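Here is a brisk report on salt bridges and on one helix. Have the sequence and the model open as you read.

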Amino acid sequence: MKGNFSTVAVAAAVLAIAGCNVYNGLVNRSEGVDAAWSDINTMLQRRADLVPNLVATVKGYAAHENEVFTEIAEARSKLAGAKTPSESAAADAALSGALGRLLAISEAYPELKANENFLRLQDELSGTENRIAVARKDYNGLVKAYNASIRRLPASLVAGPLGFDKKDYFEPPAGEGAVQTAPSVSF
Amino acid sequence: MPEDNAKSRASRRQGAIGKLLMALGAGAILQSCHTQTQNDAANIAPSSASGAQVAAAAAQNGGAFTGAVPELEPGFVVDPGKILDEAARTALTNEIAALEATTGGGQMGVAIFTTLSGIPVEDAALRMARTWKLGRSGADDGALLLVATQDREVRLEVGLGWEGAIPDSVAGDIIRSISPELKAGKWGEAAQDAVRRVGAAVRGEPAPRRKGGPPDDSDSFPAMPLGMFSLFVGFAMWDSSRGGKRKLRRDGGGDAGTAGAPPIGAFPPSRPHHFRGGFHGGGGGRFGGGGASGRF
């Protein structure tokens, strides 16, 4: 009897420790995903902050291109109001599209293209876009690993009851514009 | 007789505890394997092909980058197509060594290919930078200049620790100021110039700030030792309870991907300086996509 009792006690301890291990693993992964998400947000914010400067510089040379300025302003406010990764991704894609058009317009203004300030803003902008692309890839990779882990044994037994849900990829919903690659500056 | 009985019961119990401990050991190891894959995922770096493969590919393509990141060479100049002559290469290597000396350990690499085979220059540069891990671990003071001579593309990839000293606009300035030399096909001079300018930009700031460092995974550390320990204890007890009959069996299950993974905690915190005790590539610096690209 005593033997049985201690066996049960050891089994319970083992299960508890194993459970804690699984739980801690999920917490680590989940935190990793959240950290990567905040990296993306930092970069999105950084780009949104660059936009007013860029718009102001372009306006100095091409004040009448109102349509694209409005488009940019709208995309920016959408980005500020986005709550989920896919909303953010959609707003980000819209902003990318509008910025692409802004840069295309600037091609028609040689003086603007030669403006030192404009060139450096463009560097910052494409650098930030590249960082967003990198952060997105890292984030999606972590989400993929996390989503797989909560579906794999033994974590799948405890993930649901403990509130570890599937996480969203940073991707615009299908059909809302392909994600743009960072434009590179030509001389 | 009762004594005998008690003995066998004790031995049976010992056997059961041994098995349980082994189960615990296996669980903990499984867990640390999970943590391992997680760490791998966090440090997404594309796998580099084996040296022989890369050498063969380079010989075939005459210095084209086709997606397989070649090994970083001592001196941090990677030029599989021998686009630089011996003198230019030596001068560049010296410039890079001077940069390392004057920035207190920063590492800058220069990679020259003929073409990137359609791979975007940002992707190619990041893949190389993350594979080679230029810069010291924790300080992340690394940079990489990538030139594709036929594609006429160039990128300066800046490590996380140097993003303060070399923001993208400064990286863009550097690219713009070397582009006349690139246009003229003076690859060696252009690369030396870039290394000098990176050094000047970095020295303009007091010292590279030690940023965050790798994510803290200290609480996953006990998993492996605990797992190993209980596994061994479990084996020992199980073994002794079975009268010393050896029944060692390697666990064939689990993730195929973790088969060759080194145990957690086996990574050196920081790699020693190159040229000493074998060359192991960069020092563990991280890259987040900062820098600037251009066409010439």
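## Terms and model

Buried means under 20% relative accessible area, exposed means over 50%, and partly exposed is in between, with a 1.4 Å probe and protein chains only. Helices (H or I, at least four residues) and strands (E, at least two) are DSSP runs, numbered from the N terminus.

This is a predicted model, in which local features need pLDDT of at least 70, side-chain atom pairs count only at pLDDT 80 or more, and totals for chains, interfaces and linings use all residues. Residues are numbered from 1 along each chain as its sequence is written, chains are lettered from A and ligands numbered from 1 in the order in which they are written, and side-chain values use heavy atoms, with hydrogens and water left out.

## Salt bridges

A salt bridge is a side-chain nitrogen of Lys or Arg within 4 Å of a carboxyl oxygen of Asp or Glu. Over all chains, the structure holds 21 of them.

One of them pairs E129(A) with R47(A), with the closest N and O atoms 2.6 Å apart. This pair links distant parts of the chain: E129(A) sits in helix 5 (residues 116–151) of chain A and R47(A) in helix 1 (residues 2–61) of chain A, 82 residues apart. Both E129(A) and R47(A) are buried.

R176(B) bridges to D123(A), the closest N and O atoms being 2.7 Å apart. R176(B) lies in helix 5 (residues 168–183) of chain B and D123(A) in helix 5 of chain A, so the pair joins two chains. R176(B) and D123(A) are both buried.

In chain B, R155(B) and E157(B) form a salt bridge at 2.6 Å, N to O. Both residues are buried. Elsewhere, salt bridges with shared partners join R46(A), E124(A), R131(A), E163(B) and D168(B) into one network.

## Helix 3 of chain B

Which residues of helix 3 of chain B are buried? They are A88(B), R89(B), L92(B), E95(B), I96(B), L99(B) and E100(B). Seen down the axis of helix 3 of chain B, they fall within an arc of 140°, so they line one face of the helix. The arc is that of the directions from the helix axis to the C-beta atoms. An α-helix has 3.6 residues a turn, so residues three or four places apart point the same way.

On the other side of this helix, E86(B), A87(B) and A101(B) are exposed. The buried residues pack against strand 1 (77–78), strand 2 (107–113) and helix 6 (187–203) of chain B. Contact here means heavy atoms within 4.5 Å. After helix 3 of chain B comes G104(B), whose phi is positive, near 70°.
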